[in-house]
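Student: Could we go through this structure together, one topic at a time?

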Amino acid sequence: MELSPRFVGAVSKSLKTSVTWRHAMNYAAAVGDGNPFYFDDEREGGIIAPPMLAVALTWPIAEHMPQFWPADGFPLEVLQRQVHMTEHLIWHRTMRPGDALTITGEAVAIA
């Protein structure tokens, strides 16, 4: 099994998803965050999503790695044995129900 620096820079296929009010409220409830911005749908502007909901939205890429990474990228045996990874997320603005998102991964380092 080869794992070399040549894999740095590999880019995943994009995942297209959307934020729903259910995603936002369920995530906030699951982590015990009672911030009314996540629950008060009568608030001017409606609800917003907790920022860390982004971690849950990226899960399909981690769960189905071979489907999202190019065949000439990481060898399948590497993806099947991966036990740790980190994410660096960039928020361009607050997520709101109805937002359509495109999520793409890039291998920026191998340790």
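Student: Which residues does Leu57 touch, leaving out those up to four places away in sequence?
Tutor: Leu57 touches Leu15, Val19, His23, Met95, Leu101 and Ile103, with neighbours up to four places away in sequence not counted. Contact here means heavy atoms within 4.5 Å.

Student: Before we continue, what kind of model is this?
Tutor: It is a predicted model, in which local features need pLDDT of at least 70 and side-chain atom pairs count only at pLDDT 80 or more, while totals for chains, interfaces and linings use all residues. Residues are numbered from 1 along each chain as its sequence is written, and side-chain values use heavy atoms, with hydrogens and water left out.

Student: Which residues touch the most other members of the largest nonpolar core?
Tutor: They are Val19, Ala49, Leu53, Leu57, Ile61, Trp69 and Met95, in a core of 16 residues. Such a core is a set of buried Ala, Val, Leu, Ile, Met, Phe, Trp, Tyr and Cys residues joined through side-chain atoms within 4.5 Å. Buried means under 20% relative accessible area, exposed means over 50%, and partly exposed lies in between, with a 1.4 Å probe and protein chains only.

Student: Take Ile61, then. Buried or exposed?
Tutor: Ile61 counts as buried because its relative accessible area is 9%. Ile61 lies in helix α3, and Ile61 touches Ser12, Leu15, Phe68, Trp69 and Ile103, again without residues up to four places away in sequence. The C-alpha atoms of Ile61 and Gly105 are 8.2 Å apart, although 44 residues separate them along the chain.

Student: Where is Thr58 found?
Tutor: Thr58 is in the loop between α2 and α3 (59–63). Thr58 is classed as buried because its relative accessibility is 10%. A polar atom of its side chain lies 2.9 Å from the backbone oxygen of Val55. Beyond its neighbours within four places in sequence, Thr58 is in contact with Glu87, Leu89 and Ile103.

Student: Changing topic: how many salt bridges does the whole structure have?
Tutor: A search of the whole structure finds 1 salt bridge, where the term requires a side-chain nitrogen of Lys or Arg within 4 Å of a carboxyl oxygen of Asp or Glu. The side chains of Asp99 and Arg93 form it, at 3.1 Å from N to O.

Student: What else surrounds Asp99?
Tutor: Asp99 sits in the loop between α5 (76–81) and β2 (100–103). A polar atom of its side chain lies 2.8 Å from the backbone nitrogen of Arg96. Not counting residues up to four places away in sequence, Asp99 touches Thr17, Ser18, Val19, Arg93 and Thr94.

Student: And Arg96 itself, what does it touch?
Tutor: With residues up to four places away in sequence left out, Arg96 touches Val19, Arg43, Gly45, Ile47 and Ile48. Arg96 also lies in the loop between α5 and β2, and Arg96 is partly exposed because its relative accessible area is 34%. Its C-alpha atom is 9.3 Å from that of Ser18, 78 residues away along the chain.

Key
Helix = DSSP H or I, 4+ residues; strand = E, 2+ residues; numbered from the N terminus. Polar contact = N/O pair within 3.5 Å; in protein donor to acceptor, adjacent residues only side chain to side chain.
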